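Take a walk through this protein from one end to the other.

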Amino acid sequence: QKDREAKLRAEYEEARAGEQGRAASMEESRRQLESYQTKKAMYVARRDELSKKIREIGSLPSDAFEKYRGKSVKELHKLLKEVLDQQVGFNKVNQKALDQYINFTEQLEDLTKRQAEIEAGNKKIQELITTLDQKKDEAIERTFKQVSRNFREVFKELVPDGEGHLVMVKAKKSKDGAGGGDDDGHHGGGDFGGRGGGRGGGRRERA
């Protein structure tokens, strides 16, 4: 019985030691994870800082990274120092000139496109105005012919021995643009004549 109890106690102690070891291992893993997360946050912040500096520098050549990929850190520092020394003479140069040029070029293309759209719209408006003017003239002429025909019939009834005609005349506009008649310079005139006895016989009079 004592041997059995001793064996069980030994197994218990072994299991507890194993559990403590696993707990210690988990704690160590947790500390490592926190350390990795802290380093990750630092690297992300550093990456964002470097990305911001790259944007401030402006557009980079397409081979900017491939050209220096195989060089050591020492060689890169040496090249960087040479570039910084050369950059001193260009302090007053606008380093964002290329980006500004690209931006202005895009704006110019956009404005040119809008100008073409406006000109196309203006052309359509002018065509519409011309069409409406033509239809208006046709409507005026058609209406005048109808009125002239009715006028002849009525005049014939009033003056059986006479004739009456309406004539459309386009008035000439003055220098200031004013003219008689309607907006297009149209106005109507009457041409009346009589035949038969009396003093008016055989003579046409204009009113």
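Along the sequence, the elements run α-α-α-β-β-β. That makes 3 helices and 3 strands, taken as DSSP runs numbered from the N terminus (helices are H or I, at least four residues; strands are E, at least two). This is a predicted model: local features need pLDDT of at least 70, side-chain atom pairs count only at pLDDT 80 or more, and totals for chains, interfaces and linings use all residues. Residues are numbered from 1 along each chain as its sequence is written, and side-chain values use heavy atoms, without hydrogens and water.

Start with confidence. The mean pLDDT (the predictor's confidence in each residue, from 0 to 100) is 75. A value of 70 or more is reached by 74% of the residues. Helix α3 (residues 97-158) has the highest mean among the elements, 89. Strand β3 (residues 203-206) has the lowest, 35. The pLDDT is below 50 over residues 177-181, a stretch with 8 contacts beyond near neighbours in sequence. Contact means heavy atoms within 4.5 Å. Residues 190-207 also lie below 50, with 35 such contacts in the model. Where pLDDT is low, the predicted coordinates should not be read in detail.

Now look at α3. Its 62 residues reach 89 Å from first C-alpha to last. That is close to the 92 Å expected at 1.5 Å a residue, where the expected span is 1.5 Å times one less than the number of residues. The buried residues of α3 are F144, S148 and F155; buried means under 20% relative accessible area (1.4 Å probe, protein chains only). Across the 207 residues of the protein, 5% are buried.

Methods: Buried means under 20% relative accessible area, exposed over 50%, partly exposed in between (1.4 Å probe, protein chains only).
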